[in-house]
Each structure stands twice: as C-alpha cells, then as structure tokens.
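Here are my notes on this one, as numbered points. Have the sequence and the coordinates open while you read.

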Amino acid sequence: MNLELVILGCHSAIPSINRNPTSQFLTIHSRQFLIDCGEGTQVRLRENGIGLGRINHILISHLHGDHFFGLTPLLSSLHLLGRNKEIHIYGPHGLKDIINLQMKAQGSWLSYPLIFHELDFTKKSQLYEDDKIIVHSFPVKHRIACCGFLFEEKALPRNIIGEKIKELSIPFLDIKGIKNGNDWEDENGKTHNNHSLTTKAPESLSYAFCTDTLPLENLQDYVYNPSLLYHEATFTNKHKDRAKQTHHSTAEQAANIAKGIKAGNLILGHFSTRYLDYSDFLLESKPIFPKVYLAKDGTKYCIKHQNPKSLEIE
Ligand SMILES: [Zn+2]
Ligand SMILES: [Zn+2]
C-alpha cells in the first residue's frame with residue numbers, strides 16, 4: 001500500500017544519453033498510472049522491470065512532444081503483444097485525433113479499445129475514483145493548455161488493537177466495521193467504544209505532479225500538504241528570464257511553491273539540456289525547502305505508511 005514513483009524520464013525538450021523526456025510510473029494503493037509518455041518511455045519501462053501489461057491508465061499533461069511522443073509507439077507495441085484489455089487515456093483535446101491519424105496512415109488499428117477522457121483546463125476535475133483512491137487534474141500556466149495531476153488515497157481504516165480481538169473474542173466478521181469506526185456490542189450486550197478497540201488510521205498518502213508551468217500562486221487551491229510533490233525546475237536562477245519567457249519555473253521558485261503548499265517532500269525535474277551539472281538546482285532550492293531531491297531516470301522514490309514523512313530512494 002506504499003506510494004512508489006519511478007522516474008522514466010526527467011529532461012525537458014531534447015533527450016540526452018542518460019536522461020529521457022518526461023515520463024513517470026506511479027503506484028498508489030496498488031493502483032498504477034503512467035504519467036506522460038515522452039520519447040523512449042517503453043524502453044525505460046523495460047529497463048525498470050515494469051511489464052507493459054501493467055499499464056491501464058495513461059495521463060498526458062499537454063501536447064508538447066517531450067510529454068507524449070512516446071505514446072503511439074507504446075500503444076503499437078501493446079497491440080503487437082496481443083493486448084485485448086481496454087486502456088484509458090486522459091489527455092488534451094486533439095490527442096485522440098493525433099493517434100487516429102498515425103494509425104490510419106500505417107493502415108492498421110489496435111487490438112484493444114482506447115477510451116479517451118478529455119482534460120478540462122478551466123478547473124480542478126475528477127479523472128478517476130474507486131473505493132481506495134481518487135485522481136484529479138488541475139490547470140497550470142504554460143504556453144499551451146496543460147494540466148497537473150493529483151493522486152490521493154482515501155481515508156484509511158483505523159488500526160484494530162490485536163490484543164482486544166483475543167481478549168474479547170471479537171468475531172472476524174465484525175472487524176471490518178470496527179476498523180471503519182463502528183462501536184462494537186459483545187454477546188452480553190455491552191457496547192465497546194470504538195476508540196477503546198482501535199488506534200488512529202495511518203495517514204493517507206498523496207502525490208502531486210506539476211509540470212510544465214510558471215510558478216502557480218494559487219496552487220494551494222488545488223493541492224495542499226501532499227506527501228510528495230514533483231515540480232518542474234527547467235532552469236536555475238541564471239536563466240530566470242528564460243523561464244518566464246517560456247512559461248517554466250526555476251528550482252528556487254519550485255522550492256517556494258513546495259513550502260507554500262506544505263509538501264512533505266519535493267522532487268525537481270524537467271531539467272533543460274543546457275545543464276551538464278545539476279548542483280545549482282539543489283543549491284538554490286535546499287535553503288528554502290530542505291527535503292528536496294533531483295529526479296534521475298531509473299530511480300524509484302517510495303513513501304511508506306509506517307513513516308509517511310520520509311522519502312526512500314532506490
Ligand atoms: Zn516539457
Ligand atoms: Zn511544455
């Protein structure tokens with residue numbers, strides 16, 4: 001039930017030898033999502049031991065090539081592998097036409113249904129919900145329409161005290177209700193208050209993906225206190241003007257955003273290929289937000305319920 005994020009690509013615009021354009025694979029409460037799909041994503045998935053069959057939901061933030069040029073090749077590979085289960089794609093208006101055109105040009109169609117969900121760039125919108133998690137998109141400020149994504153675990157059940165089960169001979173069938181906060185009546189008709197049988201629920205984990213964008217003054221309207229925030233930091237302060245011109249952020253601005261929304265941890269990414277050394281990204285962000293990390297292709301970041309404030313890196 002941990003939150004796990006594998007960075008498949010963390011560069012902007014042009015791929016370099018060790019750094020692909022944006023793509024990430026998120027696991028939250030055992031649900032899995034591919035977020036953006038830059039060129040080379042399917043190779044990175046294989047390198048990281050993530051089977052293509054695990055992909056059921058793909059979210060595309062916007063239609064700049066560094067965020068979706070790997071999508072059609074990935075969909076084609078799934079077809080060649082004989083997939084028949086549907087795939088949900090959450091993306092901007094126009095993405096469906098682009099995929100259809102590419103398929104039509106090569107005279108083939110996919111062996112499985114593609115279900116498109118168009119993003120709304122005007123407000124925070126729910127994309128997905130089940131009994132354990134909920135996913136929203138929210139508009140960010142970029143040169144073209146672009147959305148961030150927020151993945152949240154729903155409130156988790158309380159922990160039942162093991163000794164109480166034994167001591168009071170609580171039947172197995174009653175445990176779920178107690179974990180959900182119900183009081184419990186024993187066979188003599190005595191009511192046991194829920195707080196005498198349980199301890200508080202683990203903190204729900206959440207992940208916010210925020211790229212490509214100018215620093216958003218109103219981000220706290222959409223995201224507050226996420227366990228983990230990924231925020232773009234295309235530039236350092238040396239290129240602050242360029243960041244403004246191109247509707248991107250600097251490392252310092254991203255750190256201020258993370259502080260403002262009380263993020264638990266911050267990962268910076270979407271680095272411009274002009275940088276060969278990334279030390280300035282840390283130098284400029286760490287004094288403002290100490291729990292900051294630089295994204296790296298092939299790295300897994302994990303947050304566990306036992307220690308929800310801490311980010312483990314593999
Ligand atoms: Zn980009
Ligand atoms: Zn972009």
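**Notes on the fold**

1. Starting with the eight-stranded sheet: it is open, its pairing is mixed, and the strand order is β6-β5-β4-β3-β2-β1-β18-β19. At the edges sit β6 (114–118) and β19 (312–313), each pairing on one side only. Strands here are DSSP runs of E with at least two residues, helices are runs of H or I with at least four, and both are numbered from the N terminus. Two strands count as paired if DSSP finds at least two bridges between them.

2. Some housekeeping before going on. This is a predicted model, where local features need pLDDT of at least 70 and side-chain atom pairs count only at pLDDT 80 or more, while totals for chains, interfaces and linings use all residues. Residues are numbered from 1 along each chain as its sequence is written, with chains lettered from A and ligands numbered from 1 in the order in which they are written.

3. At one end of that sheet, β5 (residues 87–91) and β6 run parallel and share five bridges. Gly91 has Glu118 of β6 as its bridge partner.

4. There is also a seven-stranded open sheet, again with mixed pairing, in the order β7-β8-β9-β14-β15-β16-β17. Its edges are β7 (125–129) and β17 (292–294); each has a single partner strand, so one side of each lacks a neighbour in the sheet. On average, neighbouring strands of this sheet are turned by 20 degrees against each other, direction ignored. The axes behind that angle are lines fitted to C-alpha atoms (for helices, over the stretch in contact), and angles run from 0 to 180 degrees between N-to-C directions.

5. Walking across the sheet, β8 (residues 133–139) and β9 (residues 147–153) are antiparallel, joined by seven bridges. Across that pair, His136 stands opposite Leu150 in β9. Six of the seven residues of β9 are buried, so the rest of the structure largely encloses this strand. "Buried" means that 20 or more other C-beta atoms lie within 10 Å of the residue's own; 12 or fewer is exposed, anything in between is partly exposed, and C-beta atoms are placed from the backbone.

6. How many residues of β14 are buried? Five of the five in this strand (residues 206–210) are. Ser206, Ala208 and Cys210 point one way, Tyr207 and Phe209 the other. β14 is antiparallel to β9, with four bridges, and Phe149 is bridged to Phe209.

7. β15 in turn is parallel to β16 (residues 265–269) over five bridges, and Glu232 stands opposite Gly269 in β16.

8. The largest nonpolar core has 66 residues, and those with the most contacts inside it are Ile60, Tyr207, Leu228, Ala258, Leu266 and Leu268. Such a core is a set of buried Ala, Val, Leu, Ile, Met, Phe, Trp, Tyr and Cys residues joined through C-beta atoms within 7 Å. Leaving aside neighbours within four places in sequence, the contacts of Leu228 include Leu3, Leu5, Tyr207, Ile267 and Leu311. A contact means that the two C-beta atoms, placed from the backbone, lie within 7 Å.

9. Helix α8: seven of its ten residues are buried, so the helix is largely enclosed by the rest of the structure. Those seven are Ala251, Glu252, Gln253, Ala254, Ala255, Ile257 and Ala258. They pack against β15, β16, α9 (279–285) and β17. Just after α8, Lys262 has a positive phi of about 55 degrees.

10. Have a look at Lys259, which lies in α8 (residues 251–260). Why does Lys259 count as partly exposed? Because it has 14 C-beta neighbours inside 10 Å. Not counting residues up to four places away in sequence, Lys259 touches Ile288 and Phe289. Lys259 and Asn225 are 34 residues apart in sequence, with 9.4 Å between their C-alpha atoms.

11. Finally, the domains: domain 1 covers 3–156 + 202–313 and domain 2 covers 159–198, with bounds from an automatic or database domain assignment. Their centres, taken over C-alpha atoms, are 42 Å apart.
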